[in-house]
Amino acid sequence: MQADGTIEAGVTTEARWLPSLPLVLLGAAVLICALLLTQPLTLPLGPMYWDLVLYLDAANRIGDGQVPLIDFITPVGPLGYWLFAGFDALFPRAHPLLLAQWCLFAVTAPAMAILLHTVGRQSRARAMALLLPYLAFQILPINVEHYSFFPGTDGFGIYNRHVSIVLYVLVCGLLFLRGPALAAIIGWTLIALFMIKITGFLAGGLVTAFALAAGRIGLRQALTVAAAAGLALIVFELATGLVSAYLGSILALIAINAGGILPRFVQAASLHLDIVGAGTALVLALFWLDRRDIADTALALRRQPSVASFIRLLDRDVAWLAVVLAAGLFFETQNTGGQAFIFIWPVLLMILSRWLGSGRRGALVVCGLVAATAIPPAETVLQRGARALMAQAGYAALPNQHLGRLGQVSQHADVMNRASAMLDIYAAHPATFREFTAREMLPSPQLYSELDFQASWLMAVDEGVAAILAHEQASGRRFETIMSLNFVNPFPAVMGRSAPRGIAIGADPFRAVPKPDDAEITLAREADLVLYPLCPVTVANEALRKIYAPVLTGRREIALGRCWKGYVSAG
């Protein structure tokens, strides 16, 4: 050190700057993603890619002045669709899948910035350990479930990924923050979870309630957050009526999907057995290693009840892990895809920081089980993302002329060739697929997750758009409002037209389409054109045609290419 203290000053300046490194990385990641959204990128096609159309359809309807849950049915809350619509206006060239994934930065990045600023002042390493998994899961549009041999990105499970990432931020806050910063993150994330998906809100509420019981949140602080959040929802309801409409849609969907909850827990646990199994083993190990202290604390609480003893009994690693694991399992009972259990990492980090290098008995077992619990989701998402990026270089682009950004996908040449051939087979042999429908079965049990089906469906939509434009040119009539008797309706968004009010954006007749009342049928009749897909005919499409049969009454039937039948209004 120099006599004038120059080096010391330099060290002090550096020490002050280093804790802000996580914030710098967060800002850089957001900026890079924003720059990528300005480019017309192509992504490798993945299973059930057509789920992405829900966001395009919703954004198009919102642009027409429609309000989610009031003017059209949505499978989940409206926040994700509003975010997508807003970012879509800012980045009109962006790939819709990246847009749907990254629009959540608007919710999670501000909360993470608060978290990183606070945690980074105490431990830069801990802040980085919280930031890096968050960035990986927030940036990569990849699920932990495998549905295809060929690598690709996942256009399905988007709102489930949104929930998991918001839950990650919430759990981080509950474990590593205190005071006003924690209150702000709790209120912010719980409102976001409520407006994204109700099961995510319930999972977050479970963890937050445990944090209150464990003394991580003061009662006054909890009441203040609850009052502020409740007031915000009341004001929102009085202004729009959307909250009651949302709750009504939830009750309607519960009625449609009523069934035993136990089989869903078993299914979710078996689907994610690697994480659930390792996490359960870690719970048992922690309980065994901490059994004496747990017993002593429980005995002391029984002899002389006190708030301090109760908090000491609950606020321990094994309890936190068990509660977050249970919340994650509950959330997965309603999901078919997403980033399952990623929000368990903050708990694992807390456990690891206490056991790694501690020399305590059983530390090696605990650290090994922490790794076994943490690695599966991270390894799967990172490995699948890397494979998709590497394979993209050798993939063939989807041939299309009218799909715009929806058609900016590629896949293995064999998949594209098979998709084209299957389209020919669907059109040439309709009786075969009508027989499948008559027997109430699909041509393949996993038809919708098969890449060639998704590619052929996109090709069929492209042909349908071409056929509609040709018919309009020949007839001199423009179809301003288009309805589709299919799971999703890409035509209004792709063609710059409108969709009729009152129609679900994800029309699964067995899970998400309540029987329409007279008012909804009247709204659907406003469609100038109703489309029925023929490549192939399926059980779900036939069910939709029966549900909306009154809408088809009095319409003229026309052929729109080989894959679509049109029902034209008399107007």
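User: In which loop is Glu-440 found?

Analyst: This is a predicted model, in which local features need pLDDT of at least 70, side-chain atom pairs count only at pLDDT 80 or more, and totals for chains, interfaces and linings use all residues. Residues are numbered from 1 along each chain as its sequence is written, and side-chain values use heavy atoms, with hydrogens and water left out. Helices (H or I, at least four residues) and strands (E, at least two) are DSSP runs numbered from the N terminus. On that numbering, Glu-440 is found in the loop between α21 (430-438) and α22 (451-475).

User: Is Glu-440 buried or exposed?

Analyst: Buried means under 20% relative accessible area, exposed over 50%, and partly exposed in between (1.4 Å probe, protein chains only). Because its relative accessibility is 66%, Glu-440 counts as exposed.

User: What is the phi of Met-48, and where does Met-48 lie?

Analyst: Most residues other than glycine have a negative phi. Met-48 is not a glycine, yet its phi is positive, at about 50 degrees. Met-48 is buried, with a relative accessible area of 16%. The residue lies in the loop between β1 and α3 (53-63).

User: Which residues does the cis peptide bond join?

Analyst: Most peptide bonds are trans. Here omega is about -5 degrees, and Pro-536 is found in the loop between β5 (529-533) and α25 (539-547). The cis bond joins Cys-535 and Pro-536.

User: What is the strand order in the open sheet of three strands?

Analyst: Two strands pair if DSSP finds at least two bridges between them. Two bridges join β2 to β3 (residues 409-411), and these strands run antiparallel. The edge strands are β1 (43-44) and β2 (396-397), each pairing on one side only. The pairing is mixed, and the order is β1-β3-β2.

User: What angle does helix α20 make with β3?

Analyst: Helix α20 (residues 413-428) packs on the sheet and touches β2 and β3, where contact means heavy atoms within 4.5 Å. Axes are lines fitted to C-alpha atoms, for helices over the stretch in contact, and angles run from 0 to 180 degrees between N-to-C directions. The angle between the directions of α20 and β3 is about 105 degrees.

User: Which residue stands opposite Ala-397?

Analyst: Strand β2 covers residues 396-397. The residue opposite Ala-397 is in β3, and it is Ser-410.

User: What is the relative accessibility of Leu-219?

Analyst: Leu-219 is found in helix α11 (residues 219-240). Leu-219 counts as exposed because its relative accessibility is 58%.
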